[in-house]
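This report describes how the parts of the structure shown below are arranged.

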2 protein chains.
Amino acid sequence: MTMPDTPVYDFSQGPSCPIPINEYPAVLMAHGGGGRLTQQLIERMFVPLFANEALAQLHDGAVVTIGGIRLAMSTDSYVVRPIVFPGGSIGELAVNGTVNDLAMCGARPLYLTSAFIIEEGLAMEELWQVVQAMQRAALASGVALVTGDTKVVDRGKGDKIFINTAGVGIVPPGVDIRPDRARPGDLVLVNGPIALHGMAIMSVREGLEFETEIRSDTAPLNGLVEAMIASCPDLHVLRDPTRGGVASALNEIARASGCGILLNEDAIPIPEDVRGACEILGLDPLYVANEGKLLALVPPSCADDVLAAMKNHPLGAGSVVIGKVVEEHGGFVVMKTSIGGNRVVDMLSGEQLPRIC
Amino acid sequence: MTMPDTPVYDFSQGPSCPIPINEYPAVLMAHGGGGRLTQQLIERMFVPLFANEALAQLHDGAVVTIGGIRLAMSTDSYVVRPIVFPGGSIGELAVNGTVNDLAMCGARPLYLTSAFIIEEGLAMEELWQVVQAMQRAALASGVALVTGDTKVVDRGKGDKIFINTAGVGIVPPGVDIRPDRARPGDLVLVNGPIALHGMAIMSVREGLEFETEIRSDTAPLNGLVEAMIASCPDLHVLRDPTRGGVASALNEIARASGCGILLNEDAIPIPEDVRGACEILGLDPLYVANEGKLLALVPPSCADDVLAAMKNHPLGAGSVVIGKVVEEHGGFVVMKTSIGGNRVVDMLSGEQLPRIC
């Protein structure tokens, strides 16, 4: 291998920025919101520049082959505000989120790295609580945190704590789960009520009070996924609808596969208090983040088996079919509404819920 | 696997914080400085809680075995300020730093994840330049960036851009490079002049001007390490002296192995302008960060071969022997000074150079 000199950093060199500078001269909150602008940044800037097969899959993680083993890799940084919320904290999120991204590749998550960016002045006790939450989450999902990094930034240059985790897992032989494997006829399943995580965070931020507290659904989905794969090794697609919610996740699948997706509004489980909170805040639950939910696209021949396996798992008791993949309106998600009409369910555009994870 | 309920976050539960709260009620900049307080945080809080064999090695990365393959994993978040500096940018650092951590495990780096935390308002053009720098660095080191994440935080809650990378690589059969493998008699080698990266950053921050610009040494060391291993598969220890510099890295090795390390001050290569800048700022070059240097502890039988292989590589032309491992003063680093005395070279305590990487 030849080793070039240390690269010289020169603002005048290289191709011009692929994001239209006159339209977006600076990074907006929405570029991190998981919707259209995030997608534009990834597809126009990162994917062409880092061009490689694994990245181009636009999956929740990358699957690479090392010595005959299919290794899934994933990473996420967690910047949720506040760092503690009903049902969990940034600590659980940081472990469960990356575990889930690996599981969505059909992988068995094994090892995680964790890196902290701490704002100077964070109470040591708060750090300790977050780290303990990570430990509990790691035990619950069966992964080991094997290496890490700690950086501290000046007061006012961070926000208490940001956590990055990256993880690796093994994809079992025969499993091939990818967003572009959606096929007409596939049923769309979800493992329970949606929009809990986002509304738990928003309720705290906005000081909303309900009869029952809305709690985040943060949970490790790898055990559920294992049970689902055991019931149907030919699972086509898995996706956890985090930032951008169910709507954005399904749009990504529709785009990747070129298929249409038809949702049945009446079938989508939304708890009453969540629906109420969404109405108060003017939010559509379809775009609200989840942290313990998955969408599964399953060939009709094994949909019953998968649904049974899901219902049999503690994290899948509320599993239901919410739609199907169709040949019509390829690349788009359409919802049959409760009042009998059809409406296009677009990708999230703009920033609905900043710093939700 | 049993799946517990979503954990409840309760500040009253669990063991008490292992960092003495009355001494350190809050996180200080020094907890991220790579010195004594960083070590205390890692050894008292993270290692006991996440207890596992890989983490307990306190290496630059973790080595785990998957399906008979030894996989090295490493992660680092980069928070350097300013994000562009003479000789590079946060983009090169983010790739080279993690590549080097993997190489220090004796691994061949293969795949990297990258995760951005961007402050709202970062100029799109700056992001583009950073991402291009990452691309160039990835090409230079031969790694692929296979998956990523983008988060945006509000203005004043970040600082332009923080980048996390995590990487995996394969440790070739027969290679066993660990800090606790230092043995009396081993020679300590370095691949060239030290303290360049830290002083490049500090010169910019402090507005110092010299006849020649001090440039960061950021570079990928995996090619150099491959050549060194080829010349001596029984290399004992590799370490890149980043945060905390040569002094802290050698102290970690001395502690891990229980051996003493004896440095020869006259042999340590420090460029004149770097020495001058250090004097002006009251810094000891032994504690200043490097981003393209490695320390190698090599059995005497193959020291000549390793040194020859290093000098033959573009990134090792300035390689020299700077010390040796001794039976005396186990766990401590001692330096034979230019004026003929001996002094203990302690671990960095406190925060010398904040946000250097």
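## Domains of chain A

In chain A, the C-alpha centres of domain 1 and domain 2 lie 23 Å apart; the domain assignment of the chain places domain 1 at 60–170 and domain 2 at 179–344, with bounds that come from an automatic or database domain assignment. The contact between them takes 22 residues from domain 1 of chain A and 21 residues from domain 2 of chain A, where two residues are in contact if their C-beta atoms, placed from the backbone, lie within 7 Å. On the side of domain 1 of chain A that touches domain 2 of chain A, the elements that give two or more residues are α3 (90–104), β5 (108–119) and α4 (124–141) of chain A, and α3(A) gives the most, with nine residues. The residues of this side of domain 1 of chain A divide into eleven nonpolar, seven polar and four charged; Ala, Val, Leu, Ile, Met, Phe, Trp, Tyr, Cys and Pro count as nonpolar, Asp, Glu, Lys and Arg as charged, and the others, Gly among them, as polar.

The model is a predicted one, in which local features need pLDDT of at least 70 and side-chain atom pairs count only at pLDDT 80 or more, while totals for chains, interfaces and linings use all residues. Residues are numbered from 1 along each chain as its sequence is written, and chains are lettered from A and ligands numbered from 1 in the order in which they are written.

## Sheet of seven strands in chain A

The secondary structure of chain A comes to nine helices and 14 strands, these being DSSP runs numbered from the N terminus (helices H or I, at least four residues; strands E, at least two). An open sheet of seven strands in chain A has mixed pairing and the order β9-β11-β8-β12-β10-β13-β14, two strands being paired if DSSP finds at least two bridges between them. Since β9 (237–239) and β14 (342–344) of chain A stand at the edges with a single partner strand each, one side of each is left without a neighbour in the sheet.

Within this chain, β10 (residues 260–264) and β13 (residues 333–336) of chain A pair in the parallel sense over four bridges, and the bridge partner of Asn264(A) in β13(A) is Lys336(A). Helix α9 (residues 303–311) of chain A packs on the sheet, where it touches β8 (187–190), β11 (295–298) and β12 (320–326) of chain A, and its direction makes about 0° with that of β8(A); axes are lines fitted to C-alpha atoms, for helices over the stretch in contact, and angles run from 0 to 180 degrees between N-to-C directions.

## Sheet of five strands in chain B

In chain B, five strands form an open sheet with mixed pairing, in the order β1-β2-β7-β5-β6, and the twist averages 20° from one strand to the next. Strand β5 (residues 108–119) of chain B runs parallel to β6(B), and nine bridges join the two. Helix α3 (residues 90–104) of chain B lies across β2 (69–78), β5 and β7 (161–170) of chain B, running at about 150° to β2(B).

## Contact between the chains

In the contact between the chains, 97 residues of chain B meet 98 residues of chain A, and helix α4 (residues 124–141) of chain B gives the most to the side of chain B, with 13 residues. That side of chain B divides into 56 nonpolar, 29 polar and twelve charged residues.
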